[in-house]
Structures are given as C-alpha cells and as structure tokens.
Amino acid sequence: MQNLQPDLVFFDFELIRDVSILNLLNILRQEPSWEGLPIVMITSSEPLEEEITMLPGSTNDYLVKPIQIVQLDSLLIRYLS
C-alpha cells in the first residue's frame with residue numbers, strides 16, 4: 001500500500017460485504033500516506049441508516065447504482081479539483 005498514491009478510491013459495497021468494511025476503512029484511514037484520501041462507497045440501493053451511521057468519518061461520499069454520469073462527474077470535480 002505504501003507504493004500506491006491514489007487520488008480517489010471507490011469501494012463497491014456489494015463486492016466487499018463479506019470483508020469487514022470497518023476494518024478495511026480503518027486500515028486505509030490509519031495509513032499516513034493516505035491521510036485525507038477521498039473514499040467513495042458505491043451501492044446498488046440507497047444506503048440504510050445503519051450503514052451510514054456505522055461508517056462516520058470513514059467514507060467521504062457515496063454513489064447509488066446505476067451511476068448517473070452527472071453525479072459521477074460532479075463527484076470527480078469535487079474531489080479531484
């Protein structure tokens with residue numbers, strides 16, 4: 001992970017449900033070289049309240065599938081400008 005320097009990370013919530021999302025996000029958030037890295041969760045449905053409250057401070061934003069180009073464009077401008 002230390003050799004990677006991404007500008008933005010997307011996680012597909014459905015693809016990583018079997019992995020502890022909190023553990024994965026905590027690992028990313030503890031990596032000093034990734035401090036301030038924007039993380040966006042992608043989901044196939046509106047996030048449930050429990051999912052949102054269990055991830056405070058871990059993700060910066062989320063997108064709902066099917067992803068609308070306008071929303072993706074707005075998100076990319078927000079985090080990569």
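Here are some notes on the fold, its sheet, its helices and its cores.

1. **Ground rules.** This is a predicted model, with local features needing pLDDT of at least 70 and side-chain atom pairs counting only at pLDDT 80 or more, while totals for chains, interfaces and linings use all residues. Numbering starts from 1 along each chain as its sequence is written, and side-chain values use heavy atoms, with hydrogens and water left out.

2. **The sheet.** Three strands make an open, parallel sheet in the order β1-β2-β3. The edges belong to β1 (9–12) and β3 (61–64); each has a single partner strand, so one side of each has no neighbour in the sheet. On average, neighbouring strands are turned by 25° against each other, direction ignored. Helices (H or I, at least four residues) and strands (E, at least two) are DSSP runs, numbered from the N terminus. Two strands pair if DSSP finds at least two bridges between them.

3. Val40, for its part, stands opposite Asp61 in β3.

4. Five of the five residues of β2 are buried, so β2 is largely enclosed by the rest of the structure. Buried means under 20% relative accessible area, exposed over 50%, and partly exposed in between (1.4 Å probe, protein chains only). Ile39, Met41 and Thr43 point one way from β2, with Val40 and Ile42 pointing the other way.

5. **Helices on the sheet.** Helix α1 (residues 21–30) lies across β1 and β2 and runs at about 160° to β2. Helix α3 (residues 69–80) also packs on the sheet, touching β1, β2 and β3, and its direction makes about 165° with that of β3. Axes are lines fitted to C-alpha atoms, for helices over the stretch in contact, and angles run from 0 to 180 degrees between N-to-C directions. Contact means heavy atoms within 4.5 Å.

6. Ile21, Leu25 and Leu28 are buried in α1. They cover an arc of only 60° around the axis, which puts them on the same side of α1; the arc is that of the directions from the helix axis to the C-beta atoms. The buried residues of α1 pack against β1 and β2.

7. **Cores.** The largest nonpolar core has 10 residues, including Phe13, Trp34 and Leu37. β1, α1 and β2 each supply at least two residues of this core, and the largest share, three residues, comes from α1. Apart from it lies another core of five residues, among them Leu8, Ile42, Leu63 and Leu75. A nonpolar core is a set of buried Ala, Val, Leu, Ile, Met, Phe, Trp, Tyr and Cys residues joined through side-chain atoms within 4.5 Å.

8. **Asp12.** This residue sits in β1. Its side chain makes a polar contact with the side chain of Lys65 at 2.6 Å (a pair of N or O atoms within 3.5 Å; within protein, one must be able to donate a hydrogen and the other to accept it, and residues adjacent in sequence count only if both atoms are side-chain atoms). Leaving aside neighbours within four places in sequence, Asp12 is in contact with Ile42 and Lys65.

9. **Pro6.** In the segment before β1, Pro6 is partly exposed, with a relative accessible area of 29%. Leaving aside neighbours within four places in sequence, Pro6 is in contact with Trp34 and Leu37.
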